[in-house]
Amino acid sequence: MTENLSSNLTITWQEKGKPQQAVWQSEANAAPPKNIVVADDTMKADEAYKLACEGTGFLYKGDFQNAKQLLQAVTKRVDRKPIKPAATMLEAFHQHRARQIQRANITNKILIELNHGNCDLKRAPDVKEAVAGALIVNPKLDKVPAKMVLSLRELLGMNGAQEWRKKGVFIDALQANIHAHYGVYSPIRGEYLDLINTTSLGNAKTAFDIGTGTGVIAAILVTRGIKAVIATDSSPRALNCAADNVGKLNLKPYITVEQANLFPSGHKKADLIVCNPPWLPAKANAPIEHAIYDPNSQMLKGFLNGVKAHLNDNGEAWLILSDLAEHLGLRTQEELLKWIADAGLSIMEKLDIAPKHAKSSDQSDPLYAARVKEITSLYRLK
Ligand SMILES: C[S@@+](CC[C@H](N)C(=O)[O-])C[C@H]1O[C@@H](n2cnc3c(N)ncnc32)[C@H](O)[C@@H]1O
């Protein structure tokens, strides 16, 4: 499986009467705006909002900080549109997703041009490293286009991700930082890691970490004493990121990072198999969302159905799963229990932990009523 890190699409526009051309970059593989005009600091938010709603993209050529303000003002105008009160949590969830898509479609019309990964606008930050961090996974194959246009929102996302990547997230269980790359799930909501760190490993000597992301679970398992872990992921960015963290933590002799759809190749088996799948069974709107949304519970069901064949005798599987999907009406507890039973597995123990992240206590969040009830569990399956 590969990720489309930069497209081959080019876009054209007129500037001072001259035709211009650049590579179009969109993480979500969104089509470029049909019509592109050049805009500057004289552009008013109402006008920008109206044009963006009509599908016009504006290539911002003024001051970078003013462009950011314009983005904020346009976002406010999208969010100001009233949403009818939802009758159920499921309806509230779908409205929330629809609003996210609408917000992205409209605000992504504010465009920025980069030259060799640099933004030449006045008061622009140095984004070169962030752009390279997002677009270059394999230095032999990937390159930042000489002239590229992308949405300001996406550029700010790359910049924010780069700051987090450098800073890292401190993981108690490791007493070290884990560094998430752009597009890779960051273990910022780390309560489930405490469960992984404290649940008895029994006599496990070998383990798989399925959907490893940053490699954090694999690293914890090694730190706890399992000296042979295979960490898989289907995303090249995640694999690159996991390998990076494994190297930084000096755990290379113990962890093999492998690209796989779920389980390692070659009918290998392990004593312990851990998986923290994306927790919401809903459509992902961009590749970056694949760590959160698992359409039709594909990964969850694939893990449950395949895990028994990959376990050694007396081995066990640990499934990490939040029940947010249940509170949102996207999945029932009965369905989950049936999938577990149908896979020939039984629950030995269920260990629960409540999330501490800010969203779970944000009462202005339309999904607050569901989030406040959320519990993350470690299911010990045999
Ligand atoms: C919720 S994230 C968990 C990441 C990490 N294990 C952690 O706990 O921080 C889920 C991960 O599963 C990966 N993934 C999704 N589908 C997969 C599949 N079919 N095979 C392997 N990995 C997959 C995603 O790329 C993502 O890194």
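Two bridges join strand 4 (residues 56-60) to strand 5 (residues 110-115), and the two strands run parallel. One of the pairings is between Phe58 and Ile110, its bridge partner in strand 5. The model is a predicted one.

Ala130, Val131, Gly133, Ala134 and Leu135 are buried in helix 4. In general, an α-helix has 3.6 residues a turn, so residues three or four places apart point the same way.

**Gly117, between strand 5 and helix 4**

The loop between strand 5 and helix 4 holds Gly117. Is Gly117 buried or exposed? Gly117 has a relative accessible area of 1%, so it counts as buried. Leaving aside residues up to four places away in sequence, Gly117 touches Val127, Lys128, Val131, Val144 and Pro145. Val131 is itself one of the buried residues of helix 4. Leu328 is 211 residues from Gly117 in sequence. In space, the two C-alpha atoms are 41 Å apart.

Another open sheet has seven strands, in the order 11-10-9-12-13-15-14, with mixed pairing. Strand 11 (255-259) and strand 14 (347-353) stand at its edges. Each has a single partner strand, so one side of each is left without a neighbour in the sheet. Neighbouring strands are turned by 15° against each other on average, direction ignored.

Ile347 has Leu381 as its bridge partner in strand 15. As a rule, strands of a sheet pair through backbone hydrogen bonds, either parallel or antiparallel.

Helix 9 (residues 298-307) lies across strand 9, strand 12, strand 13 (311-322) and strand 15. Helix 9 runs at about 165° to strand 13.

**Selected residues**

Two loop residues have a positive phi. Most residues other than glycine have a negative phi. Gln175 has a positive phi of about 50° although it is not a glycine. The loop between strand 7 (169-171) and strand 8 (176-178) contains Gln175. His267, not a glycine either, also has a positive phi, of about 50°. His267 sits in the loop between strand 11 and strand 12.

How many disulfides are there? The count comes to zero. A disulfide is a covalent bond between the sulfur atoms of two cysteines.

| Residue | Relative accessible area | Class |
|---|---|---|
| Cys53 | 41% | partly exposed |
| Cys119 | 11% | buried |
| Gln175 | 58% | exposed |
| His267 | 78% | exposed |

**The whole protein**

The secondary structure comes to 12 helices and 15 strands. The C-alpha atoms fill a box of roughly 75 × 50 × 35 Å along the principal axes. For 382 residues, a compact globule would have a radius of gyration near 21 Å, and the protein's 23 Å agrees with this. Buried residues make up 50% of the 382. The protein exposes about 18300 Å², and carbon and sulfur atoms supply 52% of that area. Among contacts between residues at least 6 apart in sequence, 68% join residues at least 24 apart.

Terms used: Residues numbered from 1 in each chain as written. Predicted model: local features only at pLDDT ≥ 70, side-chain atom pairs only at ≥ 80, totals over all residues. Heavy atoms only, no water. Pairing = 2+ DSSP bridges. Helix = DSSP H or I, 4+ residues; strand = E, 2+ residues; numbered from the N terminus. Rg over C-alpha atoms; globule rule 2.2 N^0.38 Å. Buried < 20%, exposed > 50% of the residue type's maximum accessible area, 1.4 Å probe, protein only. Contact = heavy atoms within 4.5 Å. Areas by Shrake-Rupley, 256 points an atom, 1.4 Å probe, with all protein chains shown as cover. Disulfide = S-S within 2.5 Å. Axes fitted to C-alpha atoms, helices over the stretch in contact; angles between N-to-C directions.
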